[in-house]
Structures are given as C-alpha cells and as structure tokens.
Amino acid sequence: MGPLFPTTCIVLLVLHTTLSPASLSPDDYAADEAERTANSDNIIFDDYRGKVCVDDSGFVYKLGERFFPGHSNCPCVCTEDGPVCDQPECPKIHPKCTKVEHNGCCPECKEVKNFCEYRGKTYKILEEFKPSPCEWCRCEPNNEVHCVVSDCAVPECVNPVYEPEQCCPICKNGPNCFAGTTIIPAGIEVKVDDCTICRCHNGDWWKPAQCLRRECLNSQTLS
C-alpha cells in the first residue's frame, strides 16, 4: 500500500497545472469573447410554418381560425400553406369621390363632390349663374355645368351699341339706315341736301335709303 500515495499526488499536480490561469494567454480570452458575442447575435426562433399564422401585430392564430392580418386587409383563414384571404368584388368608387378610406376589405367613398367648377369658380348644386351677359348656366346634380347662350335678334339700325351687362346690341337712337354716308332715322322722309329727300326701306334697314332728287335736276327717283 506504500506506493499508492505518490501516484495520487502526481494526478493532483497535473490537474492543478491544467486549470491554472497562468497557462492561458490573452489571445484565448479574446477568442472566448468573440464566440460569446456570435452566439448572442444568432437567436434561434421556433419555426411556426404549417402550424400557426401571425398577423402584422404579432398575434398568433391556430389553423382554421379567421383573422385580419392587417388594418385594411380582407379577412383570412389560417392554413398550413399560410393565410388564405377573401377577395370579394368591391363596388366601384364614384368618379366624383373626393375622400376614400381603406379601413376595411374594400375601399369606401366617404365624401362625394357636391359642387361644380366653371372657369376657376365653384358653384353649389342647382345654383344658377351668369358668367357673361350672354350666358345663363346652372350647376347640375351630376357636377356638370350646362349653359345656354342668348340668341340675339338682328338690330334694326346700322350703328348698334353694346351696353355694360347687356348681352345683345341695342339701337339707342331707334331704327335707321344709310343715305349715302349719312345715317337717317327710319319711318320719315329726310332732306339730306337741297335737292334730295330720302327714306329708309320699311323693315329693310340694311338696304341704302330710297332717295328722290327734285327740282334741281328735274328727275325721278334715282335709287
């Protein structure tokens, strides 16, 4: 039994030498630190594919459950292949819609244009207005502007004038016509010089006046 004690002392000495910090170099510490950092970055998550579904907020749903994956998505059913979502035929958005919300499966029109635009101005539905003296317009329920333009009668004079805020020209001095270069009133005989008397044609104001020369030339009607 005497030789057994020295052998035990040798084994303890070897173990003590192996665990001594003096036997490790600074490079060994750096290697250990790098390994710990790498392990902390590579976090392993459970694989839920084919088992459950997860929405945009992180909520988990079992196979067969219906859920909304997002705020504006259509409802879906969780399957082994992933979410299978409804695809309904959504109603068309009104062409005059000015505000559309996408809070549900289908977009919804929340505000329809209820006015008309014409030449840079806006008008209420069924509002009547005159953009010019010759136009009468109305804002229709379909947001379109319909206008009627005045059809002016032919003035009965050769010198019509346009008054402010009036569409059609007017004869301020009444009907008249030309006698040469002179304008004479209609309906009466007018002596245009010492030898000539003229009169406008009835209703034919655009025609030159009918004139009669007397005594000076002793002749009949010239025109």
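Y123 is buried, and F129 is buried as well. This is a predicted model, so take the geometry as computed from it.

Staying with those two residues: Y123 and F129 make a stacked aromatic pair, with 3.5 Å centre to centre and 5° between the planes. A pair of aromatic rings is described by the distance of the centres and the angle of the planes.

F129 has another partner. The ring centres of Y118 and F129 are 6.0 Å apart and the planes stand at 55°, so this pair is tilted. Y118 sits in strand β8, residues 115–118, and F129 in strand β10, residues 128–129, so the pair ties together parts 11 residues apart in sequence. Y118 and F129 are both buried. Put together, Y118, Y123 and F129 form one aromatic cluster. The count of aromatic pairs comes to 3.

Next, a sheet. It is open, has 3 strands in the order β3-β4-β5, and the pairing is antiparallel. Which strands are at the edge? Those are β3, 66–67, and β5, 82–85, each pairing on one side only. Between β4, residues 76–79, and β5 there are 4 bridges, in the antiparallel sense.

Last, a loop. D194 lies between β15, 190–191, and β16, 196–199. Is D194 buried or exposed? Its relative accessibility is 69%, so D194 counts as exposed.

Key. Residues are numbered from 1 along each chain as its sequence is written. This is a predicted model: local features need pLDDT of at least 70, side-chain atom pairs count only at pLDDT 80 or more; totals for chains, interfaces and linings use all residues. Side-chain values use heavy atoms; hydrogens and water are left out. Two strands pair if DSSP finds at least two bridges between them. Helices (H or I, at least four residues) and strands (E, at least two) are DSSP runs, numbered from the N terminus. Buried means under 20% relative accessible area, exposed over 50%, partly exposed in between (1.4 Å probe, protein chains only). Rings of Phe, Tyr and Trp (its six-membered ring) pair if their centres lie within 6.5 Å; planes under 30 degrees apart count as stacked, over 60 as edge-to-face and the rest as tilted.
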